[in-house]
Amino acid sequence: MANDVPQKGEPLVFFDVESLPVDRDDPLWLKLRSRVEVLPEESEEDHEARLEKIYQFTTMNPALGRVWMVGYAIGKAEPVLLVGDGTLEGERQVLETFQEDMSRLDNPWWIGHNIIGFDIPFMQVRALKHGFTGLARQLGRATAKPWNHRYLDTMKLWPRTSNDRSGWKDGLRGLAKLEVICQVLGIELQTGVMGKDVAAAFAEGDTEGAKEHLRLDIVQLRELFKRLWPIL
């Protein structure tokens, strides 16, 4: 069985992805949009507002959303930020560069916050869309046993009680968010553009604000991993 923690000399890749909503004229989005029926007694204005919320949430769906930025740091190296222009071609260029950079590493450990629930599958779908099968395969084979995946997801590594999970029913969402954990551990918090603001930052042309958020995510992630290492 493979080691379940990194061994000396094995490459560690701390990474994070920033995504954008689907293109508004994408055929799949137009098809799905047309299926959202008007609710009883819902005004046209309210219906359009609900459609907009659904649209914005496509940032989380790899069949619709697209990669804007990928940030990564190998071990203790400075973070590298790969930034596209928000188009499908820009996404392709970011993924191509990321594939080239990662192809130099031998079986790395992928470290991130909620990478199992988002970053890994999102990147795999987008990589497959653009034909980057090498990257999709390196991120993890679909048929691999769970213990053979070299993922260290800090959201899952963070100790959580049953109360943390039941807190969702009481509206206490986000107890395992990176920002919350950093606050608990005294890791320096971010200001400015945050994760929920990335799509708005793109729309407003604030690329630098989004880049700084991505860079700080990598910095926080690496510090969090350092704090969690003693209990791995």
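The charged end of Arg24 sits over the ring of Tyr55, 3.8 Å from its centre. The test for that is NZ of Lys or CZ of Arg within 6 Å of the ring centre and within 35 degrees of the ring normal.

A word on ground rules. This is a predicted model, where local features need pLDDT of at least 70, side-chain atom pairs count only at pLDDT 80 or more, and totals for chains, interfaces and linings use all residues. Residues are numbered from 1 along each chain as its sequence is written, and side-chain values use heavy atoms, with hydrogens and water left out.

Let's start with β1 (12-20). Helices (H or I, at least four residues) and strands (E, at least two) are DSSP runs numbered from the N terminus. Nine of the nine residues of β1 are buried, so the rest of the structure largely encloses it; buried means under 20% relative accessible area, exposed over 50%, and partly exposed in between (1.4 Å probe, protein chains only). Leu12, Phe14, Asp16, Glu18 and Leu20 point one way from this strand, while Val13, Phe15, Val17 and Ser19 point the other way.

β1 pairs with β2 in the antiparallel sense over eight bridges, pairing being called when DSSP finds at least two bridges between two strands. On the β2 side, Glu18 stands opposite Met69, and Phe14 has Ala73 as its bridge partner. Phe14 also has a bridge partner in β4, namely Ile111; β1 and β4 (residues 109-112) run parallel and are joined by three bridges. As for β2, eight of its nine residues are buried, so it too is largely enclosed by the rest of the structure. β2 goes on to pair with β3 (residues 80-83), antiparallel over four bridges, with Val83 as the β3 partner of Met69. The hairpin of β2 and β3 has five residues between the strands, and there Gly75 takes a positive phi near 60 degrees.

## Cores and rings

The largest nonpolar core has 24 residues, and those with the most contacts inside it are Phe15, Val67, Phe98, Trp110, Met123 and Leu135. Here a core is a set of buried Ala, Val, Leu, Ile, Met, Phe, Trp, Tyr and Cys residues joined through side-chain atoms within 4.5 Å. Two or more residues each come from β1, β2, α3, α4 (115-129) and α5 (133-139), and α4 gives the most, with six. Apart from this core lies another, of nine residues, among them Phe14, Ala73, Trp109 and Phe225.

On the aromatic side, Phe15, Tyr72, Phe98 and Trp110 form one cluster. A search of the whole structure finds nine aromatic pairs, using ring centres within 6.5 Å for Phe, Tyr and Trp (its six-membered ring), with planes under 30 degrees apart counted as stacked, over 60 as edge-to-face and the rest as tilted.

## A buried glutamate

Glu91 lies in helix α3 (residues 88-102) and counts as buried because its relative accessibility is 0%. Leaving out residues up to four places away in sequence, Glu91 touches Gly65, Arg66, Val67, Arg126 and His130, where contact means heavy atoms within 4.5 Å. A polar atom of the Glu91 side chain lies 2.7 Å from the backbone nitrogen of Val67.

Note on methods. Polar contact = N/O pair within 3.5 Å; in protein donor to acceptor, adjacent residues only side chain to side chain.
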